[in-house]
Amino acid sequence: MAGTGFKRFNVLPGFWPAFSYTVLYLSLIVLIPLSAVFLKSATTSWDHIWRSISSPSVVASYRLSFGASIIAGLISVAAGFLIAWVLVRYEFPGKPLADAVVDLPFALPTAVAGIALTSLYTENGWVGQYLAKLGIKVAFTPLGVVVALTFIGLPFVIRSVQPVLADSDQELEEAAASLGATRWQVFTRVIFPLVRPALLTGFALALARALGEYGSVIFISGNMPMKTEITPLLIVNKLQQYDYAGATAIAAVMLITSFLLLLTINLLQRRSRRFMEAR
Amino acid sequence: MKLNRFWLGMVAASAVFAAGPLKLLNVSYDPTRELYQDINAAFARQWKARTGADVQISQSHGGSGAQARAVIDGLQADVVTLGLAYDIDSIAERAHLLAPDWQKRLPNNSTPFTSTIVFLVRQGNPKHIRDWDDLIKPGVAVITPNPKTSGGARWSYLAAWGYALKKNNGDDGKARDFVRKLYKNVPVLDSGARGSTTTFVQRGIGDVLLSWENEAFLALNELGKNKVQVITPSVSILAEPPVAVVDSVAAKHGTSAVAKAYLEFLWSPEGQEIGAKNFYRPRLAAVQAKYAGRFPKVQLFTIDEVFGGWQKAQKRHFEDGGVFDQIYAPGK
Amino acid sequence: MTAARSEPAAARWALTGLALLTLGVLIVLPLCTVFAEAFAKGWSLYREVIEEPDTLSAIELSLLAVGVAVPMNLIFGVAAAWAVAKFQFRGRNILVTLIDIPLGVSPVVSGLIYVLVFGAQGWLGPWLNRHDIRIIFAAPGIILATVFVTFPFVARELIPLMESQGADEEEAALVLGANGWQMFWKVTLPNISWGLLYGVVLCTARALGEFGAVSVVSGHIRGQTNTLPLHVEILYNDYNYAGAFAVASLLSVIAVISLALKKLLEWKTGQAESGGLRRTETG
């Protein structure tokens, strides 16, 4: 592309070196290796690709992966909003500690998280034994997958909502209150519209992460065919049968999904930024 | 760039290592960790005594299929010691790293030890599990790994199938029904044999674990005799986990001779005895006699007899859309 | 905080309690399990496991992967943020999304792609094999996988920060006669230093903890190609549960320390950012 039409004029130096390096590094580390997924799946017939991505067990795994990720995302949104609200608006002892703990799922190795969650939620675990008395089974059921994915997704929502809540203008709320709005009305008409884009971003991030999650889920899911097999596990299963083309076909489906999700997130973020600036 | 310099460093480092002691990499399946720890130490001693040279053996363990795939993708294994012949066949077929007739090069189908599938139950056997028929009773929770990812689980699946065939005079439909009922009683399918043992013993899930015989006895010793006990069924499958030198890799490393000697050591009286101590059934009659008390008598059938070999069994039962997938299909 | 316009005290306490309970059950409890199991067999066994040669070599490899991956992504992050945040060009949104891609790729796939490229059956496999260069199932493969999973962290941290700072200060430096590098070292870098450190901490934490992607390219050779998270799995599969959790607790401690560091940096960035905003407002 021609320099002038492509880039808007700017006096700052270093665009071309920085831009070229970015594109080169991105291509070498991410794009070229990722393209191998598509090229490898293209080495086989359409029929094989279609059979690989639409066989009953794979479709069941999409249902579980998407279903559990969406449910976990929604739980994360509800719990994450509450936690972000409390962390931003209220004062209580130990608040810095609580705030620091939020990022733990992000830094804890997923396999460790998986083992720890499984020992907590099996029928004789610390939490599982009480749930078992209520007749609720968590480990080795779809519910277990939801628990693991909520653990993974929660920080994304909290960290998206927190800055927006902290920046939000409390004068607006006070104005609404002085005009006679109840606290509930203030919440639904003033606060919620303000954080909605951030909640969406957090939800989408949590979803994108949850769809691909492997380490923390395989321990707690039980891996029952048609019931609790997640999509990444089926990729591994295909590889075990030396079916690289089938494995990469499923991987390609996941890649396209997460690319679309991330694109949505970036558009949402741009919109919310414009929205904030417009105010 | 940085990375380039790093690779140069790696190449230089490997050149330095090459001048040091002989190195072997044994890529093996999951339950052999303890066995090869002992074997490696004994062989290194013997090799030093024989040739005066040091040999250092590294281990890699994982699911048999995953390990075979790693070798196909370039893991530098001098020898492979896997859970089933099908996996070594795959290495020969897909990566041409060893001759297709590899299994004829060493005695006993290249299998230094045999094993079988037994049951591990809770102490006192509260559910009264004595034989395969007890596994399909309602309310019995059976723990076994996923046959699609675990070699041991495939042996278990085939053992159950073979038992049902024998019992029903070769009626294939009844065998299928038996296996379907059995898997109905399975609440969790781990990806590997070790995962299942952990689920059963450590997490206390299930009433019975289908397990390699050596794995069952090891679990008994490691995790407590007061918690679990081994039950040997009336009939089971003769499991033959084979071994082979990966010719091309060993030739490139210049380790062909030591790799061959390493595998032959497994058939020596010392190697056989180490195997027996680790609850693998030995091949040598003398060692068999010495450890007869360790291994309960059980009627064994082979995979060739009942299923016509691994290639056929794999294709019919474990491929995508095969019998194992079908028994999990909804509405059946 | 204007209490009159806020919720009644009872509701505040109830909400706080509920939030803390949720955090406790969902996040803190799993961490407690790790430590409870790690010390189940006592302190001496804990030390024994940590001082074992295989553990030490896993620590070494993990540090090597972090030591290469973090600087690489740091340089990339600064370059990418400079191009994306300070300039307007066509396809900018696509570029930002492409940078984010590794976040949404399943760890299994992240490892698999390098097998497809560098594996013996892959694109470069035969060539690498002829020249006896090991990438997959050796340290370079593990480093590559680590670079991939931590790819966007520094860039993601810097892009919004540099966007919000605008280009006024850099332009002023240029007008005053500074050359490009002087401008970068004296103006840009000090402005983004805390955000940069924050990105590095995130990157390090994630790099140390990565399991899925590294597991695919490692080969699991004991004492040679196992990182700390892989070593946890190996110990776990050796029936050495206390040992597995001991190493896991080591990783957890690193996670907690990096979180504390991050907290500190956030506080510092917050200060720097509000300072920066004030400057642009008056300027």
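First, the conventions. Residues are numbered from 1 along each chain as its sequence is written, and chains are lettered from A, and ligands numbered from 1, in the order in which they are written. Because the model is predicted, local features need pLDDT of at least 70 and side-chain atom pairs count only at pLDDT 80 or more, while totals for chains, interfaces and linings use all residues; side-chain values use heavy atoms, with hydrogens and water left out.

Chain A has 14 helices and zero strands. Helices here are DSSP runs of H or I with at least four residues, strands are runs of E with at least two, and both are numbered from the N terminus. The C-alpha atoms of chain A fill a box of roughly 70 × 65 × 30 Å along the principal axes. Chain C comes to 13 helices and zero strands, and its C-alpha trace spans about 65 × 65 × 30 Å along its principal axes.

Next, the interface of chain C with chain A. How many residues does each chain give to the contact? Chain C gives 92 residues and chain A gives 94, where contact means heavy atoms within 4.5 Å. The area buried between them is about 8300 Å², and carbon and sulfur atoms give 78% of it. Buried area is the accessible area, with a 1.4 Å probe, that two parts lose on being put together, summed over both. Between chain C and chain A the count of salt bridges is zero. A salt bridge needs a side-chain nitrogen of Lys or Arg within 4 Å of a carboxyl oxygen of Asp or Glu. Six residue pairs are in polar contact between these chains, both residues being at pLDDT 80 or more. The term polar contact stands for a pair of N or O atoms within 3.5 Å; within protein, one must be able to donate a hydrogen and the other to accept it, and residues adjacent in sequence count only if both atoms are side-chain atoms.

On the side of chain C that touches chain A, helix α1 (residues 9-38) of chain C gives the most, with 20 residues. By class, that side has 64 nonpolar, 15 polar and 13 charged residues. The classes are as follows: Ala, Val, Leu, Ile, Met, Phe, Trp, Tyr, Cys and Pro are nonpolar, Asp, Glu, Lys and Arg are charged, and the others, Gly among them, are polar.

Helix α2 (residues 15-41) of chain A packs on helix α7 (residues 139-149) of chain C at an angle of about 100°, with the axes 11 Å apart. Axes are lines fitted to C-alpha atoms, for helices over the stretch in contact, and angles run from 0 to 180 degrees between N-to-C directions. α2(A) and α7(C) are therefore roughly perpendicular to each other. Angles under 35 degrees count as roughly parallel, over 145 as roughly antiparallel, 65 to 115 as roughly perpendicular and the rest as oblique. In this pair, Y25(A), I29(A), V30(A) and L34(A) meet L144(C), V147(C) and F148(C). The contact has seven nonpolar, no polar and no charged residues.

The axes of α2 (residues 43-51) and α3 (residues 53-86) of chain C come within 5 Å and cross at roughly 60°, so α2(C) and α3(C) are oblique to each other. V49(C), I50(C) and E51(C) of α2(C) make the contact with P53(C), T55(C) and L56(C) of α3(C).

The other pair is α4 (residues 92-104) and α8 (residues 153-165) of chain C, whose axes come within 9 Å and cross at roughly 145°. R92(C), I99(C), D100(C) and L103(C) of α4(C) touch F153(C), A155(C), R156(C) and E163(C) of α8(C). By class these divide into four nonpolar, no polar and four charged.

Last, chain A with chain B. Here 18 residues of chain A are in contact with 29 residues of chain B. The two chains bury about 2200 Å², 54% of it on carbon and sulfur atoms. In chain A, Q240(A), Q241(A) and Y242(A) lose the most area to chain B, together 33% of what that side buries.

Which residues form the salt bridge between these chains? D320(B) pairs with K238(A), the closest N and O atoms being 2.2 Å apart. On the chain A side, α13(A) gives the largest share, four residues.
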